[in-house]
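Visitor: Could you walk me through this one, starting with the charged side chains and moving on from there?
Guide: Gladly; here is the model.

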Amino acid sequence: TATVAGPGEASRTAFANLPAGCRYGLTLLRQGEAITEADHAALLARFHQDFAHDDAPLDCPDNYTAIVVSPSVFEFYQGGHAGYINDR
């Protein structure tokens with residue numbers, strides 16, 4: 001089951017539980033907006049420059065919405081055989 005948490009406490013809690021690098025990266029992104037290669041390169045440069053030197057706590061961005069996934073079954077595969085006929 002996948003549930004969209006929507007804005008509010010569930011999304012803020014999910015954001016707070018992400019690794020620090022993920023939280024910082026999400027504050028830089030503008031979801032739903034087109035981005036050029038130059039803008040992408042600039043964001044990466046900013047991330048690498050600022051993240052290494054900034055350990056301040058981050059607030060959940062207004063544009064962040066968590067999707068909570070609650071699986072009912074886990075299946076583990078091994079192999080990588082041709083035709084995806086793997087051991088389960």
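**Salt bridges and packing**

Guide: This is a predicted model, and two salt bridges are found in the structure.
Visitor: Which side chains meet in a salt bridge with 3.2 Å from N to O?
Guide: Those are the side chains of Glu-9 and Arg-12, with 3.2 Å from N to O. Both residues lie in helix H1, three residues apart, which is about one turn of the helix.
Visitor: Is Glu-9 buried or exposed?
Guide: Glu-9 is exposed, its relative accessible area being 52%, whereas Arg-12 is partly exposed at 43%.
Visitor: And which residues form the one at 3.5 Å?
Guide: That salt bridge joins the side chains of Arg-46 and Asp-50, at 3.5 Å from N to O. These two are four residues apart in helix H3, which spans residues 37-51, and so they are separated by about one helical turn.
Visitor: How accessible are Arg-46 and Asp-50?
Guide: Arg-46 counts as partly exposed, with 45% relative accessibility, and Asp-50 also counts as partly exposed, with 26%.

Visitor: Let's step back. What's the overall layout of the chain?
Guide: Read from the N terminus, the elements run β-α-α-α-β, so the secondary structure comes to three helices and two strands.
Visitor: How much of the chain is buried?
Guide: Of the 88 residues in the chain, 14% are buried. The chain exposes about 7,100 Å², and carbon and sulfur atoms supply 56% of that area.
Visitor: What share of the contacts join residues at least 24 apart?
Guide: Counting contacts between residues at least 6 apart in sequence, 64% join residues at least 24 apart.

Visitor: On to H2, then. Which of its residues are buried?
Guide: In helix H2, which covers residues 20-28, the buried residues are Tyr-24, Gly-25, Thr-27 and Leu-28. They cover an arc of only 155 degrees around the axis, which puts them on the same side of H2.
Visitor: What covers them?
Guide: The cover over the buried residues of H2 includes H1 and H3.
Visitor: What does Leu-43 touch?
Guide: Leu-43 is found in helix H3, and, leaving aside neighbours within four places in sequence, Leu-43 is in contact with Leu-28, Leu-29 and Ile-35. The C-alpha atoms of Leu-43 and Leu-28 are separated by 7.1 Å, although the two residues are 15 apart along the chain. With a relative accessible area of 22%, Leu-43 is partly exposed; the cut-off for buried is under 20%.

Visitor: How many aromatic pairs are there?
Guide: The count comes to two aromatic pairs. In one of them, the rings of Phe-15 and Tyr-64 have centres 5.4 Å apart and planes at 65 degrees, so the pair is edge-to-face. Phe-15 lies in helix H1 and Tyr-64 in the loop between H3 and S2, so this pair ties together parts that are 49 residues apart in sequence. Phe-15 and Tyr-64 are both buried.
Visitor: Why is the pair of Tyr-24 and Phe-47 called tilted?
Guide: The ring centres of Tyr-24 and Phe-47 are 5.7 Å apart and their planes are at 35 degrees, so the pair is tilted. Tyr-24 lies in helix H2 and Phe-47 in helix H3, so the pair ties together parts that are 23 residues apart in sequence. Tyr-24 counts as buried, at 9% relative accessibility.

Visitor: Back to H1 for a moment: where does Ser-11 sit, and is Ser-11 buried or exposed?
Guide: Ser-11 lies in helix H1, residues 9-16, and counts as buried, at 1% relative accessibility. Apart from neighbours within four places in sequence, Ser-11 is in contact with Ala-5, Gly-6, Cys-60, Tyr-64, Thr-65 and Ala-66.

Visitor: Last topic, the surface. Which residues form the nonpolar patch?
Guide: Val-4, Ile-67 and Val-69 form a nonpolar patch on the surface, and together they have about 310 Å² of accessible area. Val-69 belongs to strand S2, residues 67-69, and is exposed, with a relative accessible area of 59%.

Conventions
Residues are numbered from 1 along each chain as its sequence is written. This is a predicted model: local features need pLDDT of at least 70, side-chain atom pairs count only at pLDDT 80 or more; totals for chains, interfaces and linings use all residues. Side-chain values use heavy atoms; hydrogens and water are left out. Patches are made of residues with over 30% relative accessible area and no salt bridge: like charges are joined within 9 Å, nonpolar side chains (Val, Leu, Ile, Met, Phe, Trp, Tyr) within 5 Å. Accessible areas come from the Shrake-Rupley method with a 1.4 Å probe; for residues, only the protein chains shown count as cover. A salt bridge is a side-chain nitrogen of Lys or Arg within 4 Å of a carboxyl oxygen of Asp or Glu. Buried means under 20% relative accessible area, exposed over 50%, partly exposed in between (1.4 Å probe, protein chains only). Contact means heavy atoms within 4.5 Å. The arc is that of the directions from the helix axis to the C-beta atoms. Rings of Phe, Tyr and Trp (its six-membered ring) pair if their centres lie within 6.5 Å; planes under 30 degrees apart count as stacked, over 60 as edge-to-face and the rest as tilted.
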